[in-house]
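Please look through the structure below slowly, following the chain from one end to the other before reading on.

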Amino acid sequence: MNILFLLRGNGIGGVEFVTQTLANKFVREGNFVSIFIFRKEEGASFVDRLDKRINLYQHDKYSANKETVALLRKFIVENNIQIIINQWGLPLIPIRAVKKATKGLKVKIISVYHNAPNENGRIRFLSDKIETSKIWITKIVLKIIRSLIAFVTSRSMSYNYWKSDKFLVLSDSYIKVFQKFTGLNDIAKLGVMTNPVTLDADDLNYANETLEKKGKEIIYVGRLDNLQKKVYRVIETWKQLEPKYPDWKLTIIGEGVAKKDLISRIQSYHMKRVSLVGFQNPLKYYKRASILILTSDFEGFPLVLAEAMSFGVVPVVYDSFAAVRDIIENGKDGIIVSPKMNVFSAVEMANGIEEVIKDYGGKKIMAEFAIKKSKNYSIDVIYQRWIKFFIEQLGIS
């Protein structure tokens, strides 16, 4: 198969890592793989991790103008592309460019949306402002703006849907969410494709050997922000736990704009067993930690859950996105913490973590189930799902 992945940029992020993992797997299985990046930017890039056999083109404009369309069409024709996977299933520019570039060509277009269909940073930002505002007229204005942004977002998503041969969401749970958000009755083009764990297979094979080496450590892995990730909640949760469990510690892996706020909270609470280690490869922390905490207000299909579970790190996750129940079976391979009175509760989150701490003192049953569940998201399993999808849904083999 001749496959082209379409990306907006060349930076380091979840979508980029997923693309890298899939592209490398496809080419190693004998497929011809290309990647077209609209805009190359300076700084850290995922392209250094790509298999050298992958045909890469990095453009300098995020645009659907004539120059970009001509370059993209030339790239598609020269590489005899059969399938285009548009990894940005919301913005208008990628789908407009690829529709123009493939006019008259027998190419199938798949668009993928890598988040919960009804949530994004702008919508969440306005929701937070509405909750904290004490002026009624401000609340009304903000609600109107939020409604307008949600409407524009839903129309853009619908446009991508109709211009694609198939439109994929990350979880079965998002099918109804997508339909309600877009208002579409005809969802014949809609499908589901879960993202794979992005760790190397050799690392995953080692995971089964790590349970006996687990320490009394809780980890957070991800971007440090208080908009989506709400990482300050991690500190508020640890505030409940640190005095009760003197032999446990918390490690926060990641960078972001909320780092100063975290440091301030740690200092004001006089916490002793919290480490902020910055942006690092989380592998060594997966191998040694026992619990992962995730307190986000919204997510798509967070890779960190399956990756941590593959090493027997039991996830304790806030029940804020539909796909969480597709990943975790509450009480068996992780803990899902529900809101209290419709809001996040650090006390309830701490109670969830305590359930795992008690299991840690026994036979680590939850950790064993977590490892078993994570195998559903291995690159081998997800690759086979893609191949089946190409054959059965697109008629390409």
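The paragraphs that follow turn to a group of paired strands and then to some salt bridges.

This is a predicted model, in which local features need pLDDT of at least 70 and side-chain atom pairs count only at pLDDT 80 or more, while totals for chains, interfaces and linings use all residues. Residues are numbered from 1 along each chain as its sequence is written, and side-chain values use heavy atoms, with hydrogens and water left out.

Strand 9 pairs in the parallel sense with strand 8 (residues 217-221) over five bridges, where two strands count as paired if DSSP finds at least two bridges between them. In this pairing Glu217 stands opposite Lys249 of strand 9. Between strand 8 and strand 9 the chain passes through helix 8 (residues 232-241), and this β-α-β crossover is right-handed, a term used if, with the strands pointing away from the viewer, the path from the first strand over the helix to the second runs clockwise. Strand 9 also pairs in the parallel sense with strand 10 (residues 274-278), over four bridges, and Ile253 has Gly278 in strand 10 as its bridge partner. Together with helix 9 (residues 259-268), strand 9 and strand 10 make a right-handed β-α-β unit.

The whole structure holds 25 salt bridges, each a side-chain nitrogen of Lys or Arg within 4 Å of a carboxyl oxygen of Asp or Glu. In one of them, Asp51 is joined to Arg28, with the closest N and O atoms 3.5 Å apart. Asp51 lies in the loop between strand 2 (32-39) and strand 3 (55-58), whereas Arg28 belongs to helix 1 (residues 14-28), so the pair ties together parts that are 23 residues apart in sequence. Asp51 is buried, at a relative accessible area of 13%, but Arg28 is exposed, at 54%.

Another salt bridge, at 3.5 Å from N to O, brings together the side chains of Asp297 and Arg124, and both of these residues are buried. Salt bridges that share partners join Glu119, Arg124, Asp128, Lys230, Arg233 and Asp297 into one network.

Key: Helices (H or I, at least four residues) and strands (E, at least two) are DSSP runs, numbered from the N terminus. Buried means under 20% relative accessible area, exposed over 50%, partly exposed in between (1.4 Å probe, protein chains only).
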